[in-house]
Amino acid sequence: MQDKPTRTNAERTQATRGALLTAARALFVQRGYADTSTPEIVAAAEVTRGALYHHFADKRALFLAVAQASAFEVAEAVAHASDGAPDAVQALNRGAQAYLQAMAEAGRARVLLVEAPAVLSAPELLALSDQAGAQALAQGLGELFGERGVAVPADELHALAQLLSAAFDRMALALARGEAVEPYAAAMQRLLAGLAG
C-alpha cells in the first residue's frame with residue numbers, strides 16, 4: 001500500500017482558501033450576502049472557523065475576494081475573445097459577446113451587480129468594474145478612435161467607457177432575469193457600430 005503524498009503547507013493553505021472561496025461563492029449566489037452566515041460558509045467548506053479568520057478578516061473581506069475572483073474571470077473571458085481580432089470594432093464586438101456570456105455563468109451577475117453594490121464601497125466597486133472590463137473597454141475605444149484618426153481627450157474616453165460599462169451591466173442584469181439575449185446583443189452591436197462611424 002502506497003502512502004498518499006504529503007501536501008506542503010503552501011498547498012494546504014491554498015486548498016483551504018480555495019474551499020472557502022468556492023463555498024462562499026455558492027452561498028452568496030444562492031442566498032445573498034446578508035442571508036449567508038460565516039458558520040454556514042465554514043460548514044460548506046469543511047474547515048474550521050479559525051481557518052476562515054486566518055485567511056479573511058471577516059465575511060466582508062471574504063465577499064470582496066469572491067467578487068474580485070469573479071471580476072477576474074470576466075476579464076479573462078473578454079481578453080481571450082478579443083485577442084486576434086482584425087480591428088478594434090471586431091475586438092469590441094467579440095469582447096461584448098464574451099462579457100455577456102461570462103456574466104451569464106455561475107451567478108456572476110448576482111455577485112458583481114446585485115450583492116457587491118450593497119456590500120462594498122464606491123472605490124471598491126469602481127476597482128471591480130475596471131477589473132471586470134471597464135479598463136479594457138476604455139483601451140478598446142481608444143484603439144477604435146485611433147483607427148479612425150479621431151482624437152478623443154482622455155477624460156472623455158474614460159467617461160465614455162464608464163457609460164458603456166454601465167450599459168453592459170444593465171444588459172447582464174436583464175439576462176440574469178431571464179430576458180432574451182438577442183435584442184440586447186443587437187442593440188449593443190448597433191451602439192458600437194455607431195461609435196465606429
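This is a predicted model: local features need pLDDT of at least 70, side-chain atom pairs count only at pLDDT 80 or more; totals for chains, interfaces and linings use all residues.
**Layout.** I began with the domain assignment, which gives domain 1 as 1-56 and domain 2 as 59-196. I then looked up the spacing: the centres of the two domains, taken over C-alpha atoms, are 29 Å apart.

**Contact and area.** Next I looked at who touches whom. On one side I have 17 residues of domain 1, in contact with 16 residues of domain 2. Interface size is often given as the accessible area lost when the parts come together. For domain 1 and domain 2 I noted about 1,400 Å² buried between them, with 68% of it on carbon and sulfur atoms.

I looked for salt bridges between the domains and found a count of 1. Arg25 turned up again, as its side chain forms a salt bridge with that of Glu73, at 2.8 Å from N to O.

**The domain 1 side.** I asked which helices make up this side. Both α1 (9-31) and α2 (38-45) supply at least two residues each to the side that touches domain 2. The most comes from α1, with 9 residues. By residue class, I wrote down 10 nonpolar, 4 polar and 3 charged for the side of domain 1 that touches domain 2.

Terms used. Residues are numbered from 1 along each chain as its sequence is written. Side-chain values use heavy atoms; hydrogens and water are left out. Domain bounds come from an automatic or database domain assignment. Contact means heavy atoms within 4.5 Å. Buried area is the accessible area (1.4 Å probe) that two parts lose on being put together, summed over both. A salt bridge is a side-chain nitrogen of Lys or Arg within 4 Å of a carboxyl oxygen of Asp or Glu. Helices (H or I, at least four residues) and strands (E, at least two) are DSSP runs, numbered from the N terminus. Ala, Val, Leu, Ile, Met, Phe, Trp, Tyr, Cys and Pro count as nonpolar, Asp, Glu, Lys and Arg as charged, and the others, Gly among them, as polar.
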